[in-house]
Amino acid sequence: MTLDKQAITADLVADPELIHFDNAGASLMPRSVLETQISHLQLEAELGGYRAEAERMPAIEAVYDSIAALINCHRDEVAVVENATVGWMMAFYALPLESGDRILTAEAEYASNYLAYLQMAKQRGVVVETIPSTADGEVDVDALRGMIDTRVKLIAITHVPTNGGLVNPVEDIGAVAREHGIFYLVDACQSAGQIDLDVDKIQCDALSATGRKYLRGPRGSGFLYVRRRALVDLHPPVVDLFSATWTGPDSYELRADARRFENWENNYAAKLGLGAAVDYALALGIPAIESEVTRLAAKLRDRLAGVDGVTVHDIGRRRCGIVTFSVGGRDADEISRRLRQNEFPTSGSGPSSTLIDATRRGLPGLVRSSVHYFNRDDEIDRFVETLGSIAGNG
Ligand SMILES: Cc1ncc(COP(=O)(O)O)c(C=O)c1O
C-alpha cells in the first residue's frame with residue numbers, strides 16, 4: 001500500500017509550506033487529532049468534566065483497543081499515561097531489583113532511562129552494564145548472549161535512540177531475554193508510529209511510547225504495555241484509589257489489568273487525541289508509513305553527505321526517520337537556531353543526551369532532523385540548500 005500524500009497534506013492543520021523536520025521532537029497533529037481534542041474540551045466546558053467523561057466513555061475505552069491493535073496485544077495490557085517517561089518509569093520502578101542484580105542496556109540508551117539505572121545502582125546496589133555495539137552501531141546480540149548469567153534481572157533497550165538514526169534489533173534481543181526468562185523492557189518512544197511494533201514478535205514484557213512524536217498525537221500523552229504474565233508480579237511504585245481498591249483498614253487490592261499503572265485523574269481530551277492519532281496511523285498502515293519515512297530519510301542523508309562541511313553521524317544496519325549531522329566545528333544549537341530562523345524546525349542534541357554512545361564515538365553536538373511521511377522530496381531539496389548556505393557562510 002502506498003500513501004496518498006495529497007490526502008495526507010489536506011489533513012495537515014499546519015501551513016503546508018511549513019517544513020517540519022522535527023518529528024522526533026514533536027510532530028504535527030493531523031486534523032482529526034486536533035478536532036477530537038477540541039470537541040472533548042468543548043463538551044467538558046458545556047457539561048462539566050465528569051459528565052463529558054461519562055458521555056464519551058465508549059470512545060475513551062476504544063483508545064485501549066486502538067493501542068492494542070497498534071502493538072498486537074490485549075486491551076487489558078495497556079495503560080494510558082501522561083508520557084513515555086511515566087510509562088517506562090512505572091514498569092522499571094515496579095521491578096523487585098536487589099543488590100547485585102545486573103541490568104543490561106544499550107550504549108545508546110536514552111538519558112532518562114540511564115539516570116534511573118544509576119539511581120537504582122546508588123540506592124539498591126544493582127549493577128548497570130552496557131552491551132557492546134556491533135561495528136554498525138546496533139546492540140551486539142552475540143555479545144549480549146555472552147553476558148547472560150543468573151544475576152541478569154533486566155534487559156532494557158531503547159528501540160530508536162535519541163539520535164543516530166539507529167533502529168536496535170529488539171526482536172533478536174527479545175529472543176535472548178525469553179530464552180533466559182529475563183524481564184525485557186523496551187523504550188519504543190521514538191519508534192511508535194514509524195516502525196511496526198508487535199509485542200509478540202519483540203517478546204518484551206513491557207514497552208513504553210509517547211504520543212507526540214511519530215504517532216502525531218498530543219503532547220502529554222503516552223502509553224505503557226505490560227504483558228499479562230508479567231502483570232501479576234509487578235506492583236506499581238505508587239498506588240492510588242484508581243490503581244487499587246481499599247478493601248480493609250490494613251489491606252488493598254490492585255487492579256488486575258495494566259491500568260494499575262494509571263492514576264485517577266486524566267486529561268481525557270489528550271487521551272482521546274492519542275486514540276485518534278493511533279487510528280490515523282493504523283488507517284494509513286505502519287508498513288507504508290515506515291517505507292516512506294525510510295525513503296525520505298535515506299534521501300536526506302544522501303543529500304546532506306554532499307554538502308561541504310556537513311558530516312552525517314548516523315549508524316545502524318536499519319535506519320529510521322532520524323537524521324543527525326554536524327557542521328564543521330560549529331555549535332549544533334546555533335545551526336539549529338539558524339535553521340529555525342529559516343523556517344526549518346530541527347533540534348540540537350548534545351553529547352550528554354546519549355553520554356556513553358557520544359563518548360565512544362567522539363560525537364560533537366549534533367543537529368537532529370527527523371522526517372515523517374507527510375514531508376516531501378522538494379522540502380528536502382530546500383532544507384539542504386538552506387543548510388548549504390548556512391554551512392558556507394560561517
Ligand atoms: C528514546 C526516548 N525515550 C523516552 C523519551 C521520553 O518521552 P516523553 O517525553 O514522552 O516522556 C524520549 C523523549 O525524547 C526519547 O527520545
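So, how do the residues of the shell around the ligand divide into nonpolar, polar and charged? Four are nonpolar, five polar and three charged, where Ala, Val, Leu, Ile, Met, Phe, Trp, Tyr, Cys and Pro count as nonpolar, Asp, Glu, Lys and Arg as charged, and the others, Gly among them, as polar.

Quick caveats. This is a predicted model, so to speak: local features need pLDDT of at least 70, side-chain atom pairs count only at pLDDT 80 or more, and totals for chains, interfaces and linings use all residues. Numbering runs from 1 along each chain as its sequence is written, and side-chain values use heavy atoms, with hydrogens and water left out.

Okay, the shell. Among the residues surrounding the ligand are Asn83, Tyr110, Asp187 and Cys189, each with a heavy atom within 4 Å of the ligand.

Now the polar contacts, meaning pairs of N or O atoms within 3.5 Å. Threonine 85 has a side-chain N or O atom 2.5 Å from a ligand oxygen. For lysine 213, the side chain again puts an N or O atom 2.5 Å from an oxygen of the ligand. Arginine 212 brings a polar side-chain atom to 2.9 Å from a ligand oxygen. On its own the ligand exposes 390 Å², and the protein buries 89% of that (Shrake-Rupley, 1.4 Å probe).

Notes:
Polar contact = N/O pair within 3.5 Å; in protein donor to acceptor, adjacent residues only side chain to side chain.
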